[in-house]
Amino acid sequence: MRKRIIALCASVICVLIALPGCGERYVGAERLPERAKELLSRFYPEETVVSVEKEGWLKGYEVILKNGTELSFRRNGELASAEAARDRMLPWTLVEEVLPQAACSYIEQNYHDSGVKSVDADRRRYEVAVAIQGMELVFDRNGKYLGADK
């Protein structure tokens, strides 16, 4: 009985020690994958990274820049989403980096006067918020336009 209690206590202690490493934690920008660092230096060379949060050991990183732009990177450094600060737009070159060419062409043809506020890329589709009337455009993984939400 005593051995079981000691084993149970040891197990509980191990779990309590491991839990903080499984959740979100703040890390320095130097801990970002090289691909993420390269993207930040290319598209935001003048901006300061204010916060880098690692989301568990299997997920990615959340980055906040001094101008308020928020970027999410997958654990391999690939950009998963970007949201411009309230009074800004994402650089078009960044949008072109994330979206397939067909989606970029559609946005240029139909929303050329509008900037892009955010881009969200998941495994199945892309969601792009344009500045005009808060429209959110939806594209499949090949860049085919699927529709819009207001």
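1. Read along the sequence, the protein follows the pattern α-β-α-β-β-β-β-α-α-β-β-β-β. It has 4 helices and 9 strands, where helices (H or I, at least four residues) and strands (E, at least two) are DSSP runs numbered from the N terminus. This is a predicted model, in which local features need pLDDT of at least 70 and side-chain atom pairs count only at pLDDT 80 or more, while totals for chains, interfaces and linings use all residues. Residues are numbered from 1 along each chain as its sequence is written, and side-chain values use heavy atoms, with hydrogens and water left out.

2. Of the 150 residues in the protein, 39% are buried. Buried means under 20% relative accessible area, exposed means over 50%, and partly exposed lies in between (1.4 Å probe, protein chains only). Among contacts with a separation of 6 or more, 37% are between residues 24 or more positions apart; a contact means heavy atoms within 4.5 Å.

3. Strands S5 and S6. Strand S5 (residues 79-83) and S6 pair in the antiparallel sense over 3 bridges, two strands being paired if DSSP finds at least two bridges between them. Ser-81 has Asp-120 as its bridge partner in S6. Strand S6 itself is mostly covered, with 5 of its 6 residues buried.

4. Strands S6 and S7. Strand S6 (residues 116-121) pairs with S7 in the antiparallel sense over 5 bridges, and the two strands form a hairpin with 3 residues between them. Within this pairing, Val-116 is bridged to Val-130 in S7, and Ser-118 is bridged to Ala-129 in S7. Strand S7 (residues 125-130) is also mostly covered, as 5 of its 6 residues are buried.

5. Strands S7 and S8. On to the next pairing: S7 and strand S8 (residues 136-140) are antiparallel over 5 bridges. Val-128 stands opposite Leu-137 in S8. The hairpin of S7 and S8 has 5 residues between the strands, and Gln-133 takes a positive phi near 50° there. As a general point, side chains in a regular strand alternate between the two faces of the sheet.

6. Aromatic pairs. A search of the whole structure finds 4 aromatic pairs. Rings of Phe, Tyr and Trp (its six-membered ring) pair if their centres lie within 6.5 Å; planes under 30 degrees apart count as stacked, over 60 as edge-to-face and the rest as tilted. The pair of Tyr-106 and Tyr-145 is stacked, because the ring centres are 4.2 Å apart and the planes stand at 15°. This pair links distant parts of the chain: Tyr-106 is in helix H4 (residues 101-110) and Tyr-145 is in strand S9 (residues 145-149), 39 residues apart. Phe-139 and Tyr-145 form an edge-to-face pair, at 5.8 Å centre to centre and with 65° between the planes.

7. The aromatic cluster. Which residues form one aromatic cluster? They are Tyr-106, Tyr-111, Phe-139 and Tyr-145. Phe-139 counts as buried, at 0% relative accessibility. Tyr-106 is partly exposed, with a relative accessible area of 21%, and Tyr-145 is likewise partly exposed, with a relative accessible area of 29%.

8. The largest pocket. The largest pocket has a volume of about 180 Å³. Of the 13 residues that line it, the closest to its centre are Arg-35, Glu-78, Leu-79, Glu-97 and Val-98. Helix H2 (34-43) and helix H3 (92-98) are the elements that give two or more residues to the lining, and H2 supplies the largest share, 4 residues. By class, the lining has 5 nonpolar, 1 polar and 7 charged residues.

9. Terms for the pocket. On a 1 Å grid over the protein atoms alone, a pocket is an open set of points where a 1.4 Å probe fits, with protein on both sides within 12 Å along at least five of seven lines, and lining residues have an atom within 4 Å of a point. Grid points are joined across faces, edges and corners, and a volume is the space filled by probe spheres set on the points. Ala, Val, Leu, Ile, Met, Phe, Trp, Tyr, Cys and Pro count as nonpolar, Asp, Glu, Lys and Arg as charged, and the others, Gly among them, as polar.

10. Ile-64. This residue lies in strand S3 (residues 61-65). At 33% relative accessibility, Ile-64 counts as partly exposed. Not counting residues up to four places away in sequence, Ile-64 touches Thr-48, Val-49, Val-50, Ser-51, Thr-69 and Glu-70. The C-alpha atoms of Ile-64 and Val-49 are separated by 6.1 Å, the two residues being 15 residues apart along the chain.
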